[in-house]
Amino acid sequence: MKMENRKLRQIGDVTYELVERRADAHVPVRVIADDELVRAIEKDRSLEQLGNVAALPGITRFALGMPDMHEGYGFPVGGVAATVPPDGVISPGGIGFDINCGVRLLASSLRREELEPVEPLVHELSRSVPTGYGRHGRLSFTPQEIDRILVEGCPYVVDEHGLGRSEDLIFIESHGCLQGADASKVSSRAKERGGDQLGTLGGGNHFLEVQVVDAIFDEGAASVFGLFEGQITVLLHTGSRGLGHQVCTDYVRVMDQSLARHQIVLPDRQLACAPLSSREGSDYFAAMCAAANFAWANRQALTHRVREVFRRESHKSSCDLRVVYDVAHNIAKLESFGKGTLLVHRKGATRAFGPSSQEIPPVYRGTGQPIFIPGSMGTSSFVLAGADASEDISLSSTCHGAGRAMSRGAAKRLVVGASLRRELEARGIVVRCPSNSELAEEAPVAYKDVERVVDVVARAGIARKVARLRPIGVLKG
Amino acid sequence: VPSHTFEDHVGEVRMRVDAPTLASLFEEAARGIADLMLETTSAVDAAGVEAVELHAPDKESLLVDWLNEIIFLSETRRHVYTGARVQRISDTELDAVVHGVVPENLRTPVKAATLHALKIEETPQGYSASVTLDV
C-alpha cells in the first residue's frame with residue numbers, strides 16, 4: 001500500500017520524492033526508505049538539508065538520501081550527490097570533516113571455538129590500539145614520509161614500512177591510493193594536527209569489533225568473499241583523524257570566501273563549494289585525495305597491529321587475517337557513468353559497484369563489491385554485495401550504517417551506561433570503553449534498526465545480503 | 001549573564017550561546033567547547049596560555065574560526081582551554097588569550113565548528129548564536 005505524507009511522495013516500492021522542492025533546486029530530491037524509516041527521517045532536518053543539496057551548481061540526476069539518513073550540517077549524513085565536471089562544484093561539506101571515514105573487514109582463519117575465551121584478545125587489542133581524541137600513534141614518520149603517505153597512500157606504508165602485505169592492496173577501494181593527491185595542498189596545520197595519529201582509532205562512533213559470522217544469506221557470494229559460518233572476523237571503523245578534520249576546516253573557509261567570485265549563492269554556508277575546475281576546487285580535490293590516502297594508510301596500520309595481536313593471543317603462528325575489502329563512506333570520487341564522468345559525493349554513504357564493474361578486484365567481478373554495514377554497538381553488522389542496478393538507482397551508492405535516530409544527549413538521558421555495559425557482557429560481548437557515559441551515547445536504542453535499513457537497500461535492488469556478523473568483542477573509539 | 005546550552009541534534013551537537021556582548025559571546029562559546037571536552041574527564045593541572053589573533057569576513061565566520069582555532073590548539077597541545085579572554089573584537093577581527101588545563105584523559109572529540117545555519121543575532125539581552133559542532 002502506498003503511503004502518502006506531507007513531505008514525501010512514494011514513487012516506488014522503497015523510493016520517495018520530496019513533494020515541495022526549493023525554487024533554486026536543479027534536480028529532484030529522492031529518499032530510499034520504507035514507511036517506518038521515512039517517519040524517522042521526517043523527524044529531523046535531514047530532508048531540508050537534502051533539499052538544499054539539490055541547489056548545488058552542477059548537480060545532476062537527483063539529491064539522494066539513504067535509508068540511514070539523519071540530520072548533519074550542510075549535507076545530511078546518508079546523502080549522495082553527483083556533479084558534472086569540470087564546472088560542477090565540489091563541496092567539502094558533502095564529504096564531511098572525517099575524510100575517508102570508512103570500514104575495513106578482516107576475515108580470520110579461526111573458528112569461534114578456537115577463540116575461547118575472547119576477553120584476553122580484546123584486552124590486548126585495547127592495549128595495542130590507541131583510542132580517543134587526539135591520541136598519537138606508536139608509529140613515527142618524518143615530514144617527508146607523511147608527504148609520501150599523503151600522495152602514495154597504502155602502497156607506500158606496505159612497501160616501505162612493512163605495514164601489511166602487497167596482496168592487501170588488491171582488496172582496498174582504489175587500492176588504497178587516490179591519484180591526484182597533492183601533499184602541498186594539505187596545510188602545515190593539518191599535518192601538525194594529524195600527522196602523528198596514523199595507527200589510531202579516534203573517538204566518537206569509531207570502533208574495532210571482533211565478530212563471528214552467524215548467518216549466511218548468499219552462499220555463493222559468501223564463498224567468493226571467503227566467509228563461512230562460525231568464522232571470526234574483525235571490523236575496523238575509522239578515518240583520516242585530525243589531519244582530515246583540518247583539511248575540511250581549511251577548505252570550507254577558502255570556499256566560503258570564494259562563493260561571490262564564482263557567483264554561487266547557497267541556502268546554507270556549510271555547503272560552501274567551488275567548481276572542480278577552479279583553483280579552489282582543484283586544490284581541495286587534491287587535498288581531499290591526500291587525506292583519503294592518509295585514512296587508508298591508517299586502516300592499514302591498524303590492520304597490521306590487529307594481525308600482530310591475533311597471532312600472539314591465538315597462540316597460532318598460522319593465524320591469519322585477510323582483508324576482505326575496505327570501503328570509504330565520506331568521500332568524493334570521479335566515477336564513470338555511461339560515457340561520462342561524474343563527481344560523486346558520498347557523505348555517510350558507501351560505494352556499491354556491481355558484478356560488471358571493472359573497478360573492483362577481479363575475484364569479486366561477477367559477484368559485486370563487498371559492502372559492510374555496521375550495526376549499532378552490540379548489534380549485528382551486515383555484509384552485502386553491490387548490484388549493477390545501483391548505477392541508475394543510487395549513483396552506485398548505498399547506506400553506511402544503521403543511522404542515528406536519537407541525539408547523543410537524549411541517549412545519555414535514556415540509557416544508564418553501566419547497565420548497558422552489564423547487558424552487553426551478559427550477552428557475551430566483551431566491551432572496552434573507559435567511560436559509561438560514552439557507552440550510553442552509542443547505545444543501540446540511539447540508532448535505527450540496521451536489519452530494516454539493510455532490507456530496504458536489498459528491496460531497492462542496490463545490493464544483496466550476503467552475511468551477518470555478530471559482535472563478541474567491542475573496542476570503542 | 002553569559003550562558004551556553006547543548007541542544008539536541010541527531011547526528012552532532014548544537015550549542016546555543018547567549019551573552020550581553022560580542023566579546024562575552026565568544027568567551028562563553030569557548031567555555032562550551034571546554035565543557036564538551038571535559039565531559040567525561042577532569043583537569044589535573046594548569047597548562048599554558050596561547051594568544052589568538054584572527055581575521056574573518058564577518059562575525060559568523062569569526063566565531064567559527066575562533067572555535068576551530070581552540071579545537072586545533074586542544075588537539076595539537078593536548079590541552080583543554082577552560083579560560084578565554086577576548087581583548088579586542090570587531091565583526092571581522094579578534095585578539096584573545098586562552099588559558100589551558102591538562103586533562104586527565106582527553107576523549108570527547110570535537111572535530112570542528114561549522115557555519116551550518118549559523119547566525120549571530122542581536123537580542124534585547126545582547127547576542128545569541130547556535131553553532132553546530134561535528135563530534
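Predicted model: local features only at pLDDT ≥ 70, side-chain atom pairs only at ≥ 80, totals over all residues.
Residues are numbered from 1 along each chain as its sequence is written, chains are lettered from A and ligands numbered from 1 in the order in which they are written, and side-chain values use heavy atoms, without hydrogens and water.

**Figure 1. The open sheet of chain B.** Three strands lie in the order S3-S5-S4 (chain B) with antiparallel pairing (strands are DSSP runs of E, at least two residues, and helices of H or I, at least four, numbered from the N terminus; two strands pair if DSSP finds at least two bridges between them). Strand S3 (43–55) and strand S4 (80–89) of chain B are at the edges, each with a single partner strand, so one side of each has no neighbour in the sheet. S3(B) and strand S5 (residues 93–103) of chain B pair over 10 bridges; Val49(B) has His99(B) in S5(B) as its bridge partner.

**Figure 2. The second largest cavity.** A cavity is a set of points on a 1 Å grid over the protein atoms alone where a 1.4 Å probe fits but cannot get out; lining residues have an atom within 4 Å of a point. The lining has 15 residues, with Val252(A), Arg253(A), Val64(B), Asp65(B) and Leu115(B) nearest the centre. Helix H7 (241–258) of chain A gives the largest share, five residues.

How values were computed. 1 Å grid on protein atoms, 1.4 Å probe; cavity = no way out; pocket = protein on both sides within 12 Å on 5 of 7 lines; lining within 4 Å.
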